[in-house]
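Reader: I'm new to this one. Can you put it up and walk me through it?

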Amino acid sequence: MGCCQSSLFKAPISDDSKNNQQQQQNQQQQPQHVRINHASRPTNGTETSGGLGGGGGVLSFTEFSLADLKAATNNFSPDFIVSESGEKAPNVVYKGRLQNHDNNNNRSWIAVKKFTKLAWPDPKQFADEALGVGKLRHKRLANLIGFCCVGDERLLVAEYLPNDTLAKHLFHWENQTIEWAMRLRVALYISEALDYCSSEGRPLYHDLNAYRVLFDENGDPRLSCFGLMKNSSDGKSYSTNLAYTPPEYLQNGRVTPESVIFSFGTVLLDLLSGKHIPPSHALDMIRGKNILLLMDSHLEGNFSTEEATVVFDLASQCLQYEPRERPNTKDLVTTLAPLQNKPDVPSYVMLGISKHEETAPPTPQHPLSPMGDACTRMDLTAIHQILVMTHYKDDEGTNELSFQEWTQQMRDMLEARKRGDVAFRDKDFKTAVECYSQFIDVGTMVSPTVYARRSLCHLLSDQPDAALRDAMQAQCVYPDWSTAFYMQAVALAKLDMHKDAADMLNEAAALEEKKQRGGSGGR
């Protein structure tokens, strides 16, 4: 997708003087807004360290504004929550969509983790921790791309991976369980992620479990970056059942690199058994070398006993009571790499899912206006700006009202539209939908622009079906209005109906060309 250069990301403050910066910190014990120091930022968002580095196209670590993250998550709507415990979780994770993103990155979806202020009372400490994690870039990680620390808000922003968690695919699958070769790939990729983090001086991973393993658009497993940061400044590191925590953590409350290995052992148990078995229950089977009793019955014997024995033994080593007897991350990679037996089969094929792609409709045959160009690029921010600037000039002639119709109800309806316009301009799309719906439901006056604006609000809230309906209504009101066709094209592309989207783009461009020639296509 060729999108316009982002205006979303804030330029970091220049590093003029450390002394001046220190004076400012002394003057403000608890700053309301923490900014990144330019000298400590990663030099390049796609720069990698280590042999397996990669994450090409990953955004540079940056500071987001609260307004941008509210717009991305529809004002932190409960409908956008993706964390397993929903709103009851102490730290809720939302999915969101950036209103703008740069030309080299087509991943506009993000994951936003919301902490309470109590978890991180010191904003500088939160920002420093986030910056440390944000320096990491690797293709085996769901990378951290930014943070927001304003007032009471503590937010982390990461790449959003669309194909659920390992827990969902292992414990709550619907169509098929994960095949054995894919389980081996998960184990290797996560061990590579841990080894990379360890080599970069970030060996501690907090609360490693099957919910921290995510699948990207290609079906490849990646480790969530959120676990590289503590759940709170006081060092609380485990939110899962204590039955799965390392024994030394129960004794002293501290996470060590060896603790991470223990937790990796519990993930290996998950992969072997297809169940979330507490290590204490699995140890009896491990001591008795009873591999078949431990193995997931849903595999129906479709696995190599030799490979399973290697993983079984590795899990046993990871779960040793004495931390010093556990392997290190390099040992994990060395043991698991030779077991990979389907290197040429894409992960999404082994998972039984379709490859997740968002494709822009092809370029139409006719010359494009700014609106047409924005729709071709599926640049929703540019579309928003054009609709704000156009205002209601395209509605002229679509309504003829008598004096008698200017009732109190009419004034109320126009007031609702006005409130919707303010919300739309301020990117409060949820409120805009509510106000525009009040306007539409009265039915005294019809406005193609209101339908187009509400259609865009639905697109920005990941509701392409509703967006398509509104765009079609706009066409009914104003049959020759190119904007109605353009909005339908974007909605159809979001619904993966790319041929229909291309046809709509061509019709819209033809209407614009006809209008420019002075034909009957425009008012």
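Author: Let's start just after helix H14, where His 391 takes a positive phi of about 55°. Helices (H or I, at least four residues) and strands (E, at least two) are DSSP runs, numbered from the N terminus.

Reader: Which residues of H14 are buried?

Author: H14 covers residues 380–390, and its buried residues are Leu 380, Thr 381, Ala 382, Ile 383, His 384 and Leu 387. Buried means under 20% relative accessible area, exposed over 50%, and partly exposed in between, with a 1.4 Å probe and protein chains only.

Reader: Where does this model come from?

Author: This is a predicted model: local features need pLDDT of at least 70, side-chain atom pairs count only at pLDDT 80 or more, and totals for chains, interfaces and linings use all residues. Residues are numbered from 1 along each chain as its sequence is written, and side-chain values use heavy atoms, with hydrogens and water left out.

Reader: What is the mean pLDDT?

Author: The mean for the protein is 79, and 76% of its residues reach 70 or more. pLDDT is the predictor's confidence in each residue, from 0 to 100. Over residues 1–33 it is below 50, and beyond near neighbours in sequence this stretch has 61 contacts in the model. A contact means heavy atoms within 4.5 Å. Residues 35–56 also stay under 50 in pLDDT, with 58 contacts beyond four places in sequence.

Reader: How many residues are in the largest nonpolar core?

Author: It has 80 residues, and those with the most contacts inside it are Leu 144, Leu 156, Leu 166, Trp 180, Phe 264 and Leu 268. A nonpolar core is a set of buried Ala, Val, Leu, Ile, Met, Phe, Trp, Tyr and Cys residues joined through side-chain atoms within 4.5 Å. Helix H5 (residues 180–199) gives the largest share of this core, 13 residues. Apart from it lies another core, of 48 residues, among them Cys 375, Met 378, Ala 432 and Leu 511.

Reader: What does Phe 264 touch?

Author: Leaving aside residues up to four places away in sequence, its partners include Ala 187, Ile 190, Leu 208, Cys 318 and Leu 336.

Reader: Cys 375: buried or exposed?

Author: Cys 375 counts as buried because its relative accessibility is 0%. Cys 476 counts as exposed because its value is 59%.

Reader: How many disulfides are there?

Author: The count is 0, taking a disulfide as a pair of cysteine sulfur atoms within 2.5 Å.

Reader: What caps H3?

Author: Asp 122 caps its N-terminal end, with a side-chain oxygen 3.0 Å from the backbone nitrogen of Lys 124.

Technical notes: Polar contact = N/O pair within 3.5 Å; in protein donor to acceptor, adjacent residues only side chain to side chain.
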